[in-house]
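Please keep the sequence and the coordinates at hand.

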Amino acid sequence: MPITPASGPSAESAAAPPAPNGSSESIMLELVDEAGTTIGTAEKLAAHLAPGQLHRAFSVFLFDERGRLLLQRRALGKYHSPGVWSNTCCGHPYPGEPPFVAAARRTGEELGIAPALLGEAGTVRYNHPDPDSGLVEQEYNHLFVGLSKETPRPDPQEIGETAFVTPDELAKLRAEGPFSAWFMTVLDAARPAIRELTGAAAGW
């Protein structure tokens with residue numbers, strides 16, 4: 001499978017991401033209730049400290065024209081889940097930012113590409129502790145699937161490697177090394193939309 005080393009300028013510091021205005025202020029996330037309704041805000045790290053606060057997030061799955069999924073290995077400098085493989089892109093909308101806008105923005109910032117097609121694929125709510133960092137993912141996650149026709153140009157502070165994989169190659173990669181705690185939850189939740197996008201022959 002093709003693996004692309006990360007290169008290029010940093011859009012967001014892995015250890016202490018800047019605020020939307022480019023300052024060093026803490027990033028704020030939207031807190032939500034079980035129905036996904038915004039009920040407040042919290043600082044990013046504080047929202048992930050055990051037991052975690054339920055907050056809005058997004059996950060992106062991009063595929064090439066052969067139906068292969070674009071994965072990223074999170075940079076070793078990330079404070080949360082460093083060095084593990086995960087889906088194409090994931091993150092948190094800023095307060096008041098539509099999840100679709102946030103998903104497209106972060107895909108560009110992290111991977112240096114703009115999806116050729118990006119559509120909503122539902123939502124999923126989960127609670128996933130990360131045993132290594134002690135942080136907790138209490139998330140109401142908006143899912144997006146789409147197509148990529150560009151070569152990724154990943155930000156090395158965010159991404160260590162990228163790979164386009166078939167379902168069989170994904171299974172092999174999962175057997176060889178760790179993936180993010182949330183990966184299979186978001187992948188399984190997005191599968192109906194993924195199958196509609198890629199077709200039966202892709203095997204998803």
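The buried residues of helix α2 are covered by elements that include β4 (55–63), β5 (69–74), β7 (89–91), β8 (117–129), β9 (136–147) and β10 (159–165). Helices (H or I, at least four residues) and strands (E, at least two) are DSSP runs, numbered from the N terminus. The model is predicted, so local features need pLDDT of at least 70 and side-chain atom pairs count only at pLDDT 80 or more, while totals for chains, interfaces and linings use all residues. Residues are numbered from 1 along each chain as its sequence is written, and side-chain values use heavy atoms, with hydrogens and water left out.

Helix α2 holds 13 residues, 99–111. The expected span of a helix is 1.5 Å times one less than its number of residues. For α2 this gives 18 Å, and its end C-alpha atoms are 18 Å apart, so the two agree. Just after α2, G112 takes a positive phi of about 70°.

Which residues of α2 are buried? They are P99, A102, A103, R105, R106, T107, E110 and L111. Buried means under 20% relative accessible area, exposed over 50%, and partly exposed in between, with a 1.4 Å probe and protein chains only.

A salt bridge here is a side-chain nitrogen of Lys or Arg within 4 Å of a carboxyl oxygen of Asp or Glu. By this rule the count comes to 13 salt bridges. R106 and E110 are 4 residues apart in α2, about one turn of the helix. An α-helix has 3.6 residues a turn, so residues three or four places apart point the same way. R106 counts as buried because its relative accessibility is 5%, and E110 because its value is 4%.

R106 also forms a salt bridge with E158, the closest N and O atoms being 3.5 Å apart. This pair links distant parts of the chain, since E158 lies in the loop between β9 and β10 and R106 in helix α2, 52 residues apart. E158 is buried, with a relative accessible area of 1%. K78, E97, R105, R106, E109, E110 and E158 are linked in a network of salt bridges.

Another salt bridge joins E161 and R73, whose closest N and O atoms are 2.6 Å apart. E161 in strand β10 and R73 in strand β5 are 88 residues apart, and the pair links distant parts of the chain. E161 is partly exposed at 23% relative accessible area, and R73 is partly exposed at 25%.

Conventions:
Contact = heavy atoms within 4.5 Å.
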